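Below are my notes on the model, as numbered points. Please read them alongside the coordinates.

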Amino acid sequence: MTERPVPQKGILNIAPYVPGRSSAPGKKAAENIKLSANESPLGASPKAIEAVRAAAEKLEIYPEGSSRELRQALGEVHGIDPERIVVGAGSDEVLHLLAQTYIGDGDEAVMSQYGFMVYPIVTQAAGGTPVIAPETDYRADVDALLAAVTEKTRIVFLANPNNPTGTYLSADELDRLHAGLPSNVLLVIDSAYAEYVTAADYGVGISLVERADNVVMVRTFSKMGLAAARVGWLYGPEHLVDAVNRIRGPFNVSVLGQVAATAAVRDLAFTKALRAHNGQWRDWLTAKIASNRLRVLPSQGNFILVLFPETPGQTASDANAALLERGLVVREMGGYGISNGLRISIGSEDAMRAVADCLQTFMDEQ
Ligand code: PMP
């Protein structure tokens with residue numbers, strides 16, 4: 001028997017990330033309405049598209065490796081130091097970089113029960129072990145997260161608001177979580193959906209990064225109309241930025257991604273419109289479909305999580321089949337351990353009316 005290259009121990013124990021479907025079986029592309037990946041309900045900023053068109057004229061030159069202009073724009077818009085920002089090819093890359101930097105063989109990372117599925121993957125890829133803290137009614141539980149910390153813990157990952165539940169911790173709760181952590185444990189606050197939050201007591205993480213040496217905030221452009229461009233970023237302490245930059249690929253973000261994101265971050269009117277549309281239709285859809293049989297978790301993201309009864313004929317997969325029949329493509333949540341849940345991204349007005357109508361008919365028929 002010839003030997004073949006063997007992946008490092010642990011790699012083959014990783015359950016691969018399975019994205020939501022993008023089309024309904026048997027439907028033509030134009031018949032599908034994709035509400036399965038929390039993309040922008042209003043497309044991309046027209047300024048970002050214009051910037052990509054112009055940049056596409058010149059593809060033979062390498063990008064500026066540190067995404068300097070984008071960091072400058074982010075610094076101005078968020079009032080933060082561009083030198084403390086690292087940009088990645090999507091926030092998935094940023095999360096991988098953080099895990100590679102801080103986690104090694106035998107280390108642990110703590111994450112919440114229904115937290116974002118990439119956290120266990122980046123932890124295991126770095127040789128570490130994910131430790132899951134139970135949630136209370138689909139909400140991250142500060143005490144459970146703190147109780148899961150051991151002397152082996154290197155990172156605590158928290159998505160705020162969380163995908164797929166849409167629930168969030170307040171700024172005070174984040175402070176309490178941070179205060180309970182040993183100073184050598186890194187708190188990663190993944191604020192992927194920050195632009196959509198309307199709750200007044202939400203804290204995005206910036207002020208905590210500014211006050212502490214062991215906190216980093218991670219963000220993405222994917223939910224803001226640029227999922228195809230693959231751009232995410234972090235804001236953290238200088239020592240973390242220095243360490244992460246040592247392993248970051250020298251040209252990790254494409255020119256097209258950099259120019260798209262730079263234009264988008266400066267297009268404040270577009271961000272505002274996106275947020276207003278999302279807030280209006282998230283509330284509308286929640287109110288329209290919540291009933292004594294369908295529970296909708298209160299969401300601060302650009303999606304809602306709907307919990308179905310276990311009654312045969314009324315389950316989440318039965319509802320999904322009815323939605324797919326009409327080309328409405330949403331995400332089943334079995335992979336997250338929520339087999340009675342469907343996650344529905346907020347889309348256009350027409351899409352939201354179609355979802356509400358379909359679910360109403362579905363429940364009435366049972
Ligand atoms: N964090 C959270 C909480 C997410 O929901 C997602 C997207 N599903 C990401 C990070 C990754 O986003 P991206 O890699 O597209 O920037």
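1. Leu-285 sits in helix H10 (residues 268-289). Helices (H or I, at least four residues) and strands (E, at least two) are DSSP runs, numbered from the N terminus. With 24 other C-beta atoms within 10 Å, Leu-285 is buried. The cut-offs are 20 or more other C-beta atoms within 10 Å of the residue's own for buried, 12 or fewer for exposed, and partly exposed in between, with C-beta atoms placed from the backbone. Setting aside neighbours within four places in sequence, Leu-285 is in contact with Ile-304, Ile-346, Met-352, Val-355 and Ala-356. A contact requires the C-beta atoms of two residues, placed from the backbone, to lie within 7 Å. The C-alpha atoms of Leu-285 and Val-231 are separated by 29 Å, and the two residues are 54 apart along the chain.

2. On provenance: this is a predicted model, in which local features need pLDDT of at least 70 and side-chain atom pairs count only at pLDDT 80 or more, while totals for chains, interfaces and linings use all residues. Residues are numbered from 1 along each chain as its sequence is written.

3. UniProt, in an unreviewed entry, places the feature "domain: Aminotransferase class I/classII large" at residues 32-357. UniProt positions are given in the numbering used here, feature names are shortened, and annotations may be inferred rather than shown by experiment. In the model, residues 32-357 are 39% helix and 17% strand, and the end C-alpha atoms of this span lie 16 Å apart.

4. The unreviewed UniProt entry also lists Lys-223 for "modified residue: N6-(pyridoxal phosphate)lysine". Lys-223 is in the loop between strand E7 (215-220) and strand E8 (232-235). Lys-223 counts as buried because it has 26 C-beta neighbours inside 10 Å. Not counting residues up to four places away in sequence, Lys-223 touches Asn-38, Ser-40, Ala-192, Tyr-193, Glu-195 and Asn-302.

5. Asn-38, one of the residues that Lys-223 touches, has a phi near 55°, a positive value in a residue other than glycine. Asn-38 belongs to the loop between strand E1 (33-34) and H1. Asn-38 counts as buried, with 24 C-beta neighbours inside 10 Å.

6. Tyr-138 is another non-glycine residue with positive phi, near 65°. Tyr-138 is placed in the loop between strand E4 (129-133) and helix H5 (142-147). Tyr-138 is buried, with 20 other C-beta atoms within 10 Å.

7. Two cis peptide bonds deserve a look. Asn-160 and Pro-161 are joined by one, with omega about -5°. Asn-163 and Pro-164 are joined by another, with omega about 15°. Pro-161 lies in the loop between strand E5 (153-159) and helix H6 (171-179), and Pro-164 is found in the loop between E5 and H6.

8. Which residues of helix H1 (residues 46-55) are buried? They are Ala-48, Ala-51 and Val-52. These residues cover an arc of only 100° around the axis, so they are on the same side of H1; the arc is that of the directions from the helix axis to the C-beta atoms. The face of H1 turned away from its buried side carries the exposed residues Pro-46, Arg-53 and Ala-54. The buried residues of H1 pack against helix H9 (255-266).

9. Helix H2 (residues 68-78) also packs with H9, at an angle of about 15° and with the axes 9 Å apart. Axes are lines fitted to C-alpha atoms, for helices over the stretch in contact, and angles run from 0 to 180 degrees between N-to-C directions. H2 and H9 are therefore roughly parallel to each other. Angles under 35 degrees count as roughly parallel, over 145 as roughly antiparallel, 65 to 115 as roughly perpendicular and the rest as oblique. Glu-69, Leu-70, Ala-73, Leu-74 and Val-77 in H2 meet Gln-258, Ala-261, Thr-262, Val-265 and Arg-266 in H9.

10. Helix H11 (residues 316-325) and helix H12 (residues 349-365) pack at an angle of about 130°, with their axes 10 Å apart. That angle makes H11 oblique to H12. The contact is made by Ala-319, Ala-322 and Leu-323 of H11 and Val-355, Cys-358, Leu-359 and Phe-362 of H12. Val-355 is also among the contacts of Leu-285.
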